[in-house]
Structure formats: structure tokens, C-alpha cells
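I opened the model today to look at one strand and a few salt bridges, and I kept these notes as I went.

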Amino acid sequence: MPSVKTPTDEYDAPATGTIVNENSSVASASEWTESESTRDRQTLVVSCEADARTGQKATVDYSTGSSTDCTVPSQPPFEGLDLIKPLHESANNDGHSPFADDASAHYSALTSLSGFSKDLVPSIVIGTETTRQIADPTSNRISGASIRNDARQSELMILNTENRRSSIAMESLTINKLKFSSLGVVGRDREISVLESCFGRLLSSSQGTENRTADDPTPPIHNELVFIQGYSGIGKSTMARSLQTIVEKSPDGVYVEGKYEFTSTDEPYSGVAQAFGKLCDRFGDCSKETVSEISDIIMDTMKEEAIMLMGLIPELSIFWNTDETTPRNALSEAHNFGNDHERWKYAFRTLTQILGSHLSPIVIVLDDIQWADISSLDIMDCLISDVKNPHPVMMIGCYRSNEVDENSILYNRIKTLEEKKEYLSFHITDILLDSFDVYDVNKLIMSMMSIDDESTTLPLAEVCHKRTLGNPFFLIEFMRVLHTEKLLEFNLGLMKWVWKTKKIEDATMSTANVVDLLQNRMRKLSKDQQLLLQYAACLGSSIFAPNITFVWKEHALALSLSSNKDVVAMLEVVKDANFIELCGEDEYRWVHDKVQEAAFSLSDLVTPSFQCALGVCLFQGLEDSQLEKQLFDVVDLINKGNAIESLELAELNLRAAKKARRIAAFQSGANYANSGIKLLSSDDMWRTNRELLLELYTLSAEMELAIGRINVVDVRIQTVLARKIFTTEETMRLQIIKVANLYSVELRFDEAVTYGVRVLKEIGYNFVWPKKLVPLQALMLMTKTIKKLMALPASHFNNIPLMQDPKHLSIVQMLSKLHHATYNVGDLPLNFVVICRSISLTLKHGPNDLSAPKLAALAACWMFIKNDHATCSHILKLIFSIQRRFGIRNAAETYATSLGFVQCYMKPLHESLQPALGGYVQGLKDGEIENAMSCLCLRFLYLPYLMGKPLSSIVEEFPKLAAQLEEAKRAKELWAFRALWKMMLNLQVPPDEASKKLDGEDLELSEDDRKSWHVGFTNFAIGEMLLFLFTDHEARVERLLGEEKGNTFPEKIPAFLLGTIDTFHRGIAWYAMARRTGRKRYKSEAKKIRKAVSSWVSAGNPNVVHYDLLLSAEQAVLDKKYDKADDFYRRAIVSAARGGFLHHAALFNERFAEYRIDIHGDIDDYKYYTQEAIRYYTDWGAVGKAKELEQNMIRCNDSDFSND
């Protein structure tokens, strides 16, 4: 270590003490001064003079650590005394030392010891940090916290009876070093308060919900999402970490972090995977019973999803033996590509719920999310908006504000989250960290130097603020440089920090930014150590010793860039220089991402070509298992360079694209596929590597469609098809993508149907007759297919081989696309043909994962046309025997179709509630979000309304329904939901003219909407309000003859279960107007509906018996068979009441009361049945309607009905 220098011409305060030249004697026993002759070689003498009995002094050379022997009496006067204790007692509890203000207090504390000689005070060395010279009471004293710390950690150098050799090396001192590690968060009190209040709110919102389940109707937890933004180095990560101690003090609270890298923006889920890996690691401290319990839950509820996650989060292996898992690739490849994204979201949500049941609250910090991939942002979104999670979650996202603008992915995601935070029940808090002002900079400097006096450091703070613009990380590096360059030093003689403000200002004029400062420090390392830093910067934010050792050996040594083979030793040097830090066994990380950036650009070595070469080195040198783990990192390095055409590297990009697709990282996968395409850009490649190029183009088109870059999809498809070197059969995946794009994105349904039919014809599957004959073909095919199915036993599909032929599977996929397109375009005959053709392929070549949904669609068609319960019941048995073989795949579609279009006509409605919920869960697990939402609406909206459940019990579920529908972006279900929500809300308030309309921007119909299913739901909702609120049959009939003509619910959405109640209520309107007017048209329409309802009952529909009884009563009134009418009315009321149909029990009583007063003039019966109607309406929740009937009763009492 260098000697202590205190030249009087350089520092303001003169130095005093004892200086000994290298070959000279002691100049003075109690004081020393410095002369020019002693500047280069000095020894600070620590004198141990005692009293007259002390014979010699001991000198300690701080420059070499050597000492001279000294002699002391065998019985020193302070023997047995604790000399450190008074220092402990003098430094009070708040960390402030009384010594800082009054040097005499220090003196008194020591000399107060009994038998302690006052002559000893100037000569005692206390600890390794706080050595006091009490010569200058006005000097910059070290704080009490420093004294107390030194007093606890150091030894009091007392020389006793034996000759002893003592030394103090400068390296062992801490008093002369800046305190970087203990700074904490300075100057952020307000921001910390906001962050802590968010966490406090999270804890408060979770109180009383410990036993809440996913299906509990209580309000969901308000999760917390916090964004911390600011410039690089402003302290975002430190701010987030300030919450860690508080989180982990709460019972079972857990804090985990994940970080994104500027060098690996394409690597999917990297930060999320890190965070969840650490979350799993926390269970390593739990009991075996707890781990076993979690393992059982995971295996029961999400085994396939957990296996899928294992490839991304290896730490999940803590919960089960990996030998029990199935190959992830086999599982993923067999799965439907289109649903993968939603499936991954479900997997992360379910895992969070399970782990949160044991560790809660969970706080997840994702750092540098300006570099996060879309898939990671989707996971952040889905976790924070999970209204079904009963356990509180807080997510903190840190990002550089200057790197996020209106065109960035993160900016738009934040805007989306802001829009849906209310209905998804989470809070968003934005914390902006500004640069420090001069006074905050001064506080930070005072903490680094353990100085209490603000005025002393303020001039230095002003210079530092000017140079660093108040950036905390920049400031720390700036102070580190000042210390290294000896512009800021600790004077051991004066026991204070000394500096020259003007000299610092002059010497740092050229300082541009923190990267420059860091690179200046890095250049003080050896060339090999600098080179190592640059290699490490290329490998990412985490530095694994085995990895960097490998590339050093295979690349740096092989290219003779270095001859130093001791990588571990160099890593330690770099660590000691505060560029990296140890964070695990053989694992390091950069102390800040700016350090990685500085190392990355330290020289001209790290060029795109260098990174590419490094990536190729890893690719060629790693074993396949290691390569698979680091695949994205390796490919990212290669793709940063300008690699020439390479079949090998194109195949590597294809491998990365497939892996990205398996984990639903579509943006990254598309980028890898596109990079692979660039590596095979010449025309010759189409001839020599046509299969590889076709696979790359197909993968690119698939994933570009998934992320919505439609223009790229079209380019990819047209490029391949224009080559005319592939058969239509070879390009079937691309053709299917094109049809999906036409109908699902561009909404060009007719064009999608025409194109799909043509493609199937080109591969030899000409399945449809000329257009005029399609209705006949549909009827013939359905009859033939039904006949074949009825001949099969229910167990037929249990064991027969599955469909394997790629051509047949591709035809089935195309037919499935056409099934949805024809339904949306309204071409039911062609829709029936498509369904039957799909089933024919199943019967001939074996079942596939789409067989069960298509059989369900056939059963729905057959129920709609023939109302044949026996046949449909048999088909349902076949359906579920197939579905059992394919598990969750497409199960939601099977459930949604079977329950909503078939079973509702065959079994009591309540028997569909639990299966609908099961379909919803299966759909989420499968990623089949559209049909999952259909099942959700069945369970909580459509079925309860049909069953006449209290409106309040239905409406209270609406916030959760709305949240999930909004999140799933299911426009169809959301629009229907809003229409019915508005209807039910209107039913609960007194009627007025506004209640006859569905108003609001969300429910306005465009011209296209008036031609679609939207108008069906609108007419249904308005019809219900006209019936139940106003009993305005005339208005309903006018609508049926006008705007509803051809647009009724069953006409727009054939066979759907709501069509039954809509048909029934239209029948009531026709009968009411027929009774009032006697018009034949009304009677004819009424009879048609009664006939239809009677056929439902005859076929065995148990849910419409009371419909038939009520319409029979209405018909008997028209026929003037009043005795029968009375009987049918009473039976209808009893049937509705016993079935729990509150709405119909109320309506039937109301209709009977009107009949009794209109036909018989029986005021007593009118009052009685009206009272019953009021009771049922009240129980149902139509309070407004009940109050209106009460007013009618009052008017009835004021009138003389007997004279009417």
C-alpha cells in the first residue's frame, strides 16, 4: 500500500504526528510533522508510552506493515480493563457518536477508566477503522456508527509482558475506504413510502381470504402492479430491493427477481423463468411433507402443463422425480399449435396459484423489462389480472424510461393494462425516479465517507452533481475513480478524508458518462482480464464459470488472443474490482447492466463477426444436452453477426424456432425462422434444400400469424407458392394458415370457404357437390352418417387405431377451418356437409383430436333438424369415448357444443352446470380460450337464466365474467354478455321508456352487426324486457313483424339453448295479441310455436314441460274451453314453481290473474294470483316489476271491476 502523504501545499489542514524516516530515529514522541524529505518514505509511529515504568516505544510502518519490538512492563496499569466498552457506551443507539461533535468527549471516555494513564491516549490504536488523534477538535470526525463498528471488529493493540511482533497492513483497514456496500437507498423516502404502501394495500386486501377458493364468489384480491421507471443507473433495482426485507418479514412472504438482457432480447421468458426458478428454490427449505403436498397438487391438476414448464424452469424438479415425466417434445408436438399461447398462460397462472397457497404474498420483480419479449409481457399481464387467484401477487417492473416510447411493445402493453385495471381488479402504480439534486448527492457522499457535517462535503457534492447529473450509479463510479486516482484520500494522520475541489474539477472535465468511467477503470486491469470481461459480456447477465472457461479455452487460447489459462483467478480479480459479484456456486453476475455494456464496448474486439464466431464456437463445442439448455443464447450470438449462407446454421435457427414455438414464444420463434431464411437466400438453396426452406417459411407464417404481422404472413405464403416447386399436398400447412388468416383475421368468410374447397380439390379430395345440390347432399350425407353411427356400439372407438396418415390429418384440419367459416357465413347446408365429411374420415381412418367436436356438431345438427333424442344420446356416448382418449385436447369445444346444443334438450338443465365448468377448466388447460369462454358463459349466465335463478346470484358473477371475457378478447361472448347484463340490470329497476332499449356505446349495432348473430342477442334481450318489464305484447309483435322478421334468436343462432326460451316467449306474445284482437295471423303464429314446443316435450325434453302447459292454457282460452284453461294454468304454475323456474312461476301467475279478470271478472282470483306473481318476481329479483304490479293492485282497489 502507498504511504500516507499529507503535503501542506496540497491539503488545507496541516498534519501532525510522529514521522520516522526509513533509516532515522523517532523525531518526536507525541507529535509529528512532515517535511519534503519524508514524503516518499514515511512511517507513522504509534507510541505506547505508559508511565515512568514504560521503557520503550513501538513503531508500526504502515507502508510495509512491519513493526519494531517494544518492551512494556509485565504489569501495565490498564491490565484487565475493557478498553472497547467505553466506546460502545459512548456511541449512542442512533448511530451518532458524541465524539463527532467534541473531541474532548473522546478523551474523557478513555481516561475515565480507573488506572488508565492519560499519557497513553494519543498513542492507542483502536481497531482497524477508527484510529483517533485528538489533536484537532474541529476536524472532520468519523461518525459514531463507524467508531462502534470498529470497536466491535478490531483488536486493541496492547503490548504486554512478552516481546511480541505486531503489524497492521493497510489492506486490513476499512476506515480509509469509501462505504459503497452499506449505502442503502438514499434520498428516496417518498418513493419508498409509495412502494411500501402498495405492499401494505396488497396485504390488507388479502385479509380474510385465506380459505377462498377459485370458485368463491367473494370479490377477487386486488393484485398490485408497480412500474419503476427512470434512466439507467438511477436506482430502479435498488428501489425494488428495498421492499425485500419487508416482504420477507411478513408470514410466508416471498420476494424473487428476474432480469432481462440487452444482448438477448429474443430469448423468450428469460426473466420470468429466472423468477419462477428462484420461487421454486425457496421450497428447498420447506419440510418434506410440504413439498410432497405441493407435488401431489401439481400432479393432480397440471401434470402435463408442469412437464411442459420443466423445460423452461428446471427448478420445478424439486416437486417430483423427473423419471416420472413424459418427453416434453412428444407432448408438445401432438398439441394444437393455435392454442399453445393460452396454454402457457394457464400453466403459469396455475403454478402461481399452487405455490401461492404455501408462500404468500408473492412479490415478483422483473428488471429491465424494456428488453422483455412479448411472451414475457403476456405472462406478466395474465398473472396480475388473474381474478381467480385467491392469493395476493405483486409484480414490479423496472424499465429505462428513455428507451420506451409510443412505438415500443412495453408502452402499448402498459396502456392496455391501464385500460383494464378496473374490471380486472388490480392496481397500477407508476414510480418515476428522477436524478438526485445537489443535496441528495451530498447525503450520498456523506454516507460513503461516514461524515456528519453537510457543509464539509457540499463543495465536493456540487462538483460530483455537475459531473454525474445526479445519477446514483454514475456518482458511485465517479467517487470510486476519484479514490483510485488519489483525488480523494483518507489521511490517517488527520483521521479524515481530504481532497482539493479545484483539482477534481480540472481533472474530470472530460468525463462523458458512466460507461467512460467504467472503461477507464477496466483498462487498469491486465489485458487478459479486460479480454475476459469482453467474453463475459457476450455471454449474458449471468456468468457461469464452466461456460466462460470453455469459450476461453476454445476461442481465446485457440486464436492466441491470450496465453493465460487461469480463468478462475482472473474472475476473482474482476470480482474484487467490483465489476462482477458472486451469486451462486460457480455463478457470477454483473453488478449493474451498465458494467456489462461498458465491457461489451471496451474495445473494437466485440464486433458482430466476433459474436457470431463465439456463437459458432459454442455450437460446435457444446454437447447436445448443453446446447439445448443454451440454445437461444447461442443462436442469438450467431444471428448478431453477418453469417454467410450456411445450411448448418439455418438448421440451428430452425431448431430454435421449433423450441420457441413449443413454449408459445411466437415473436422469438418468428425471428429465428426469419433468420434461418436469410441464411438460405440464394436461388440454388430452393433446389438443394427445398424441404428445409419450406419448413422455415411455414414456421415463420404460423408464428407471424400468431403475433398479427399479417403482411409478413402473406409474403411467406406467396413466396413459397410462387416457386411452383411444391405440390399442394406438400404446402397444406401453409394453405391451412391462409384459410385461417382469411376467416379469423381478415373476416373474409366467403373467400376462405372458396379457397379451402379449391385446395382440397387440388389434392384429390373433391367433397362437395355443385352449389345448387348442396342442400340435398347435406341431407343425404347426414342420414347416411347417422345410420353408420347408430350401427356402432358405444365402445367402438375405445381401442381402434388413431388416424396417423399426414394427408388425412391435413384434410381434417382444413375441414375444421371450413366448419367454422361456413357457420360464420351462414351457409348451413355446406356446414352440414363439412361436418359429415370429417366424421366419415374418422370412421374410415380412425379417430383424431377433432373427431369428438365434429361428432358433437353432428348431434347438434341432428337435434336441430330431427329433434331425435335417442340418436343424439347414442352419439354423445361415442363422443365422450373418443374424448377420453385425447384428454384435454379440444375438450372445451366438445363440451360447449354438446351442452349448449344437445344435452340441454335431453336432460334437466342443472345437470349441465358442472360439466360446463369442467369444459371451461379443460379449455384453459388446453389453451382453447374461445370455447372455454363459451363454457364459462354457459355455467354462469345462460343456464342460470334459463333455470330462473335469482337475478342477483347471476349478476354478482358478472364482474368476474367480464374480466375474463375482456382478457380473453372474446368479442362475440363479450357482446352477448353485455346485452344480457344490461337486460338483467333493467329487470331489477322500475320500468321506464329507456328500459325498452339496449343503450350504450358497447351495444350499438353497425350495419355488419345487423346481418350477424349480434342482432339475435339484441332482439332476445329486448324481447325479454318487453315481456317481463312491460307486459307489452303489442310492441313485441310489432317487432316480430318488422325488424325481428328473419332475425329472431333461433334464426341467427340455430339450435342454441337460449332459442327455446325465446321461442316460448314469442309464443306468449302471439297468444296475448290473438286473445286481444282475434286476428288469424296472430293465432296462426301462436299455434306454430305451440306445436313446436309440444314436439319438444314429446321427444323427451324435461325442461319445457311448463312451457307446453302454459301455451295449452292460452290455446284453451282462444278455443273458449275455460275449464281446461283453468286446469292448464294451475298445472303450469305448479310445474314452474316445483322446477325452481322463478321467472316463469311469476309470469304464469301474472298471465292467470289477467285471464281471471279479463274473462271471468274474478277480482279475488286476480288479486290472489297477482300477489303470487309479486312474490315470485321479488324472489327472482325483478323488484321493479313487482312494484309495478303492486301499483296495479292499488288501482284495482280504487276501481269497481264488477261494473266493467
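**Entry: strand 3.** I worked from a predicted model, and began with strand 3, residues 223-230, where eight of the eight residues are buried. In a regular strand the side chains alternate between the two faces of the sheet. I therefore looked at each side in turn, and found N223, L225, F227 and Q229 buried on one side and E224, V226, I228 and G230 buried on the other, under the 20% cut-off in relative accessible area.

**Entry: its neighbours.** I noted that strand 3 pairs in the parallel sense with strand 7 (residues 426-432) over seven bridges, with Q229 opposite L432. Strand 3 also pairs in the parallel sense with strand 6 (residues 393-400) over seven bridges, and there the bridge partner of E224 is M394.

**Entry: salt bridges.** My search of the whole structure returned 55 salt bridges, and I looked up three of them.

- D593 and K259 meet at 3.2 Å, N to O, and this pair links helix 21 to strand 4 across 334 residues; D593 is buried at 7% relative accessibility, whereas K259 is partly exposed at 22%.
- E762 and R758 have their closest N and O atoms 2.8 Å apart, and because they lie four residues apart in helix 31, about one helical turn separates them; E762 is partly exposed at 42%, as is R758 at 40%.
- E1150 and K1185 meet at 3.1 Å, N to O, and they join helix 50 to helix 52, 35 residues apart; E1150 is buried at 6% and K1185 is buried at 1%.

Methods:
Residues numbered from 1 in each chain as written. Predicted model: local features only at pLDDT ≥ 70, side-chain atom pairs only at ≥ 80, totals over all residues. Heavy atoms only, no water. Buried < 20%, exposed > 50% of the residue type's maximum accessible area, 1.4 Å probe, protein only. Helix = DSSP H or I, 4+ residues; strand = E, 2+ residues; numbered from the N terminus. Pairing = 2+ DSSP bridges. Salt bridge = Lys/Arg side-chain N within 4 Å of Asp/Glu carboxyl O.
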